[in-house]
Amino acid sequence: MEGEGRQARENEIERLRTECARMADELENLRIQNLFLNTVFNGISEEIMVLDREFTVRDVNRVMLDRYGMDKAAALGRKCFELKEACGAPCHMDPDSGCPLTRAVETETRVETRYRQRDAEGRQRDLSLIMYPIHVPGEAEIHYFMEIARDETRYRTLIEELRGSRRRFRSILDTATNAILSIDENHRITLFNNAAERIFGYTRDEVMGEDLGILIPAKYGNHRQYVQRFLERRQGSLVGRTISLTALRKSGEEFPVELSLSFLEMESGVTITAIIRDITDRKHLEKKLLQSERLAAVGEAVAHVVHELKSPLMIIGGFTNQIQNTIEDEHTLQKLGMIIEEVARVERLVGELGDFTREYRLIRRQADVNSVLRDVVKFMGAAYPPDLYTFVESLDPDLREITCDPDKLKQVFINIITNGIEAMSRGGVITINSERIPHGIEIRISDEGRGIPEDDLQQIFEPFFTTRERGSGLGLAISYKIVQAHGGDISVLNRPGKGATFVIRIPRFESRKE
């Protein structure tokens, strides 16, 4: 019996030792967990308070103590609103949403709110506050709540600065006179400013996300390959330079541009940006200047030639007529007739040369250009077979009278219509349009001929340039000078294989003496 009792005591002692060891392990685990929780509690960058249902502060982390400059012993046991008031940062909650602790007590759920306060130094702070209910296992009622306040002032300041930068960037983009567009690595358009909308004719919604190829003429080939090659090498001969080429409008019109390229590489990918300047007007002005210089140079030479030719032609013509009156041989008379005919032709050419070299002094008066066009159509309709050539008028009834020389303009219209008719050897339609434009009028004369070869377009207004066998090459050059004397502009829109359209713009001048 004694041995059995001793064994029971030893077993109980062993059990107690095991239980003590287990409890010691649990205490150590609890100590480690508590150390971990305290480290997190005091190491986190947010302000944390533990509150009970009566607004009493049960615990405060180091961040909040440091931020408000208070001692933990002085904070515990006080009401949370009294504590913040004493620290110079009273909580002014949104009256509509109320106190987050009150709402958390009522709903026993997580409550989040944002508010602003001023600290003791008068600085405004933007705070994000979250109130968490603390659920204790085995207890039905929630007794404690954790308030976590995050200072978002710096983040909100950064966000406002970013928003301001974005507004400024957008303002610069939208007020820039040059087109600015960007593409991503997949050749898709990601940026398209207001000037780009105006220059290319597309709206931003129409092009965003679309392939850049819609703006590039087919003659440049597969532009996507160039971009891929650049992305592979991260080097490009065009980056950082200004280059001249052509682009494509929504209407299909190809027009000259100057562009400069840049690229930006970020973690999200590469963005390639182009700044594009439409130089159509500049090219047009350069062409007009070159044309004027050429006309001036040729005019000086031609004026001298005309002066030298007039007297010999008069002598040749006069003597030939005298000889013709004394000759009876039919064969000889025929040859003299040919001489007289050719002299007359050369005299007409000299007359045209005189018209070309003459400095036009316009006889200006108020005139209805529509009436001038109707007179020209009536005259030309009578001069050419009506079964071959048709004239279609589309004249603006609201076209106002302008101050011009109607006789000189009539000469311009006749020259252009004559060229159009001669371009339609098998017949066709000549269309004449007139309309008001800002500060003047515009006349368009179109034919259905074969169009003008691209190589000839640069020369059609130059003197002596002609594609006709017996043409003098002065009709369009003279027309150019007449329109120029009116302060206007003449250009041609070519439709290869379908004809050409001459566009004449005349400004509306006030009446004045020449």
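**Pairing, burial and packing in a predicted model**

Tutor: Strand 1 pairs with strand 5 (residues 144-151) in the antiparallel sense, over 6 bridges. The model is predicted, so local features need pLDDT of at least 70 and side-chain atom pairs count only at pLDDT 80 or more, while totals for chains, interfaces and linings use all residues. Residues are numbered from 1 along each chain as its sequence is written, and side-chain values use heavy atoms, leaving out hydrogens and water.

Student: Why are strand 1 and strand 5 said to pair?

Tutor: Two strands pair if DSSP finds at least two bridges between them. Strand 1 and strand 5 share 6 bridges, and therefore they meet the definition. L51 stands opposite F145 of strand 5. Strand 1 also pairs in the antiparallel sense with strand 2 (residues 57-60), over 3 bridges, where V50 stands opposite D59. The hairpin of strands 1 and 2 has 4 residues between the strands, and F55 takes a positive phi near 75°.

Student: What makes strand 1 mostly covered?

Tutor: A residue is buried under 20% relative accessible area, exposed over 50% and partly exposed in between (1.4 Å probe, protein chains only). In strand 1 (residues 47-52), 6 of 6 residues are buried. Both faces are covered: E47, M49 and L51 lie on one side, and I48, V50 and D52 on the other.

Student: Why does V63 count as buried?

Tutor: The relative accessibility of V63 is 16%, so V63 counts as buried under the 20% limit. V63 is found in helix 2 (residues 62-68); helices are DSSP runs of H or I with at least four residues, strands are runs of E with at least two, and both are numbered from the N terminus.

Student: How do you know what V63 touches, not counting residues up to four places away in sequence?

Tutor: Contact means heavy atoms within 4.5 Å. With residues up to four places away left out, V63 touches N42, I44, S45, E46 and E47. V63 and E46 are 17 residues apart in sequence and 6.7 Å apart in space, C-alpha to C-alpha.

Student: Why do strand 7 and strand 8 stand at the edges?

Tutor: The open sheet of 5 strands has the order 7-6-10-9-8, with antiparallel pairing. Strand 7 (189-192) and strand 8 (242-248) each have a single partner strand, so one side of each is left without a neighbour in the sheet. Strand 8 runs antiparallel to strand 9 (residues 254-266), to which 7 bridges join it; the bridge partner of I243 in strand 9 is L259.

Student: Why are the buried residues of helix 9 said to line one face?

Tutor: In helix 9 (residues 223-233), V227, F230 and L231 are buried. Seen down the axis, the buried residues fall within an arc of 100°, so they line one face of the helix; the arc is that of the directions from the helix axis to the C-beta atoms. The face turned away from the buried side carries the exposed residues E232 and R233. The buried residues of helix 9 pack against strand 6 (179-183), strand 9 and strand 10 (269-278).

Student: What makes a set of residues a nonpolar core?

Tutor: Such a core joins buried Ala, Val, Leu, Ile, Met, Phe, Trp, Tyr and Cys residues through side-chain atoms within 4.5 Å. The largest nonpolar core has 40 residues, of which V369, F391, F413, I417, I432, I445 and I504 touch the most other members. Apart from it lies another core, of 25 residues, among them F200, A247, F255 and I272.
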